[in-house]
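Here is a short tour of one part of a model, strand by strand and then residue by residue. Please keep the sequence and the structure open beside the text as you read.

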Amino acid sequence: MVWGRTEDIRVVRTSPVDGTGSVAINAVVDIFFSQAVDVTTINTGTFIVARNAVTPIAGSVVYSGVSGEFKATFTPSSNLDPEAFYQVTVVGLEHPFTGGSNAVVKNILGNSVGRNYIFSFSTAATFVEAPNQL
C-alpha cells in the first residue's frame, strides 16, 4: 500500500469457493470484499448468479458490513437445480448480458471493482439411491 492511498476494492473470497462441486441446492452465495461497499451498488443487477452461465436466476441480495467483514449474500428465490453448473459474476466493469457499464459494484468512495469477478460451482444431485433389495 502506498502512503495516503486507499487500496482498491476487490473480492477477497467467496462461498462456495470457485470450482466447488456438490453444493447443496438450498445454498446461498456469499462474496466477501476487501472494504466497505456502497450498498446502493450491490444488487441482483451487479451480483449475478446464472445457471449454465447464461440464465440469470431470481433472488435477492443483502449486504452486511459488520465487524470489518464486508459481505454480500445472494439468496435464490427457490432451490438451485440439482446437478447444475452456476456462474457468479460481480459486475465491476461491464454487465455480462447487457454490456452496460452504468451499474457496477463500488466502494463507499465511488471506486469500482474495476473488472468483472467471475467464479463458478456446481450443485449436488438430490435423489437418494434406493437400498439394495435382498
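Arg 51 stands opposite Thr 55 in β5. These two residues belong to a predicted model, in which local features need pLDDT of at least 70 and side-chain atom pairs count only at pLDDT 80 or more, while totals for chains, interfaces and linings use all residues. Residues are numbered from 1 along each chain as its sequence is written, and side-chain values use heavy atoms, with hydrogens and water left out.

Strands β4 and β5 run antiparallel and are joined by 2 bridges. Strands here are DSSP runs of E with at least two residues, numbered from the N terminus, and two of them pair if DSSP finds at least two bridges between them.

## The sheet as a whole

Now step back to the wider arrangement. The open sheet has 5 strands in the order β2-β9-β8-β4-β5, and its pairing is mixed. Its edge strands are β2 (20–23) and β5 (55–56), each of which pairs on one side only.

Strand β4 (residues 47–51) is also joined to β8 (residues 85–90), by 5 bridges in an antiparallel arrangement. Here Phe 47 stands opposite Val 90 in β8. On to the next pair: β8 and β9 (residues 117–123) are antiparallel too, over 6 bridges, and Tyr 86 faces Phe 121 of β9 as its opposite residue.

Is Thr 46 buried or exposed? With a relative accessible area of 1%, Thr 46 is buried, a label that means under 20% (1.4 Å probe, protein chains only), whereas exposed means over 50% and partly exposed lies in between. Thr 46 sits in the loop between β3 (29–33) and β4.

The side chain of Thr 46 reaches the backbone oxygen of Thr 41 at 2.7 Å. Contacts of Thr 46, leaving aside neighbours within four places in sequence, include Thr 89, Val 90 and Val 91, along with Ala 103, Val 104 and Val 105; contact means heavy atoms within 4.5 Å.

Ala 58 lies in the loop between β5 and β6 (59–66). Ala 58 counts as exposed because its relative accessibility is 52%.

Which residues does Ala 58 touch, not counting those up to four places away in sequence? They are Phe 74, Pro 76 and Ser 77. Ser 78 is 20 residues from Ala 58 in sequence, and their C-alpha atoms are 8.0 Å apart in space.

Methods. Helices (H or I, at least four residues) and strands (E, at least two) are DSSP runs, numbered from the N terminus. A polar contact is a pair of N or O atoms within 3.5 Å; within protein, one must be able to donate a hydrogen and the other to accept it, and residues adjacent in sequence count only if both atoms are side-chain atoms.
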